[in-house]
Amino acid sequence: MEKREFVASLVAGGCAGMCADLTLFPLDTIKTRLQSQQGFHKAGGFRGIYAGVPSAAVGSFPNAAAFFVTYEYTKSLLGISAAFAAPHAAPVSHMLAASLGEIVACLIRVPTEVVKQRTQASPSSTTYNMLLATLKEEGVRGLYRGYGSTVLRETLWSRRQGHTLHSWQSAVCAVAAFVTTPLDVAKTRIMLAKAGSATASGSIPTVLYDVWRSKGLPGLFAGSIPRIAFISVGGFIFLGAYEKVRHTLL
């Protein structure tokens with residue numbers, strides 16, 4: 001990848017991430033509270049709908065930039081290889097590049113997601129206080145609670161896409177957003193769980209079984225409507241902004 005393309009991907013990815021995350025933040029808050037163990041109303045209901053937004057604002061740019069830079073760089077490297085040069089191998093290279101991009105991006109996304117979701121579920125607290133409380137109680141390791149479930153959710157999402165989508169095509173991924181909701185529920189429960197609890201251990205099958213046992217199928221798909229709306233509408237904003245900014249810079 002040329003330096004100009006690298007910078008364009010970096011800036012475009014960051015700007016697109018901030019646009020999507022901040023514009024649709026209320027939907028994300030509603031989804032988190034619906035998925036929380038204490039329930040929607042006890043987690044804050046519709047109050048403090050922007051609780052945790054500083055964490056999202058700080059993490060959006062580097063998170064999205066990390067994904068797209070890794071994605072574009074990996075795709076260009078795979079394109080050099082003879083095994084991925086053939087046209088029929090293009091979807092595979094896109095999928096691998098997107099999966100690796102998600103793994104790298106999650107190194108930034110997960111800490112900001114942990115602080116953001118805990119603040120969303122406790123609107124009486126602030127982002128700064130929640131960060132300090134997490135570090136004091138669990139250390140840096142606590143900021144990476146739910147990393148495995150987040151990576152699994154995101155890489156499965158990348159595989160379902162199979163390639164980079166245009167803005168209008170991203171709305172079609174609503175079905176995939178619905179299907180992967182149980183993993184999102186597990187991620188939310190793990191991130192919000194009290195330190196030392198069974199849920200906090202991060203065992204995805206155990207968490208999903210507990211949700212199924214206590215709340216049944218509706219519990220596994222809690223927050224699916226705002227999640228679908230976030231991903232569908234966010235797809236237009238995110239990828240549309242990315243393509244526009246990158247095209248402008250190039």
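Helix α1 meets helix α3 through F6, S9, L10, V11, G13, G14, C15, G17, M18, D21 and L22, which touch V53, A56, A57, S60, F61, A64, A65, F68, V69 and E72; contact here is heavy atoms within 4.5 Å. The residues of this contact split into 14 nonpolar, five polar and two charged, with Gly counted as polar. Keep in mind that this is a predicted model, where local features need pLDDT of at least 70, side-chain atom pairs count only at pLDDT 80 or more, and totals for chains, interfaces and linings use all residues. Residues are numbered from 1 along each chain as its sequence is written, and side-chain values use heavy atoms, leaving out hydrogens and water.

**How the helices cross**
- α1 and α3 pack at an angle of about 145°, their axes 7 Å apart (axes are lines fitted to C-alpha atoms over the stretch in contact, and angles run from 0 to 180 degrees between N-to-C directions).

**Helix α1 itself**
- α1 (residues 3–23) has 21 residues; helices are DSSP runs of H or I with at least four residues, numbered from the N terminus.
- A8, S9, A12, G13, G14, A16, G17 and A20 are buried in α1, meaning under 20% relative accessible area with a 1.4 Å probe, protein chains only.
- Those buried residues pack against α3 (53–80) and also α12 (224–249).

**A look at N63**
- N63 sits in α3 and is buried, at 10% relative accessible area.
- Setting aside neighbours within four places in sequence, N63 contacts A105, I108 and R109.

Note on methods:
Helix = DSSP H or I, 4+ residues; strand = E, 2+ residues; numbered from the N terminus. Expected span 1.5 Å × (residues − 1). Buried < 20%, exposed > 50% of the residue type's maximum accessible area, 1.4 Å probe, protein only.
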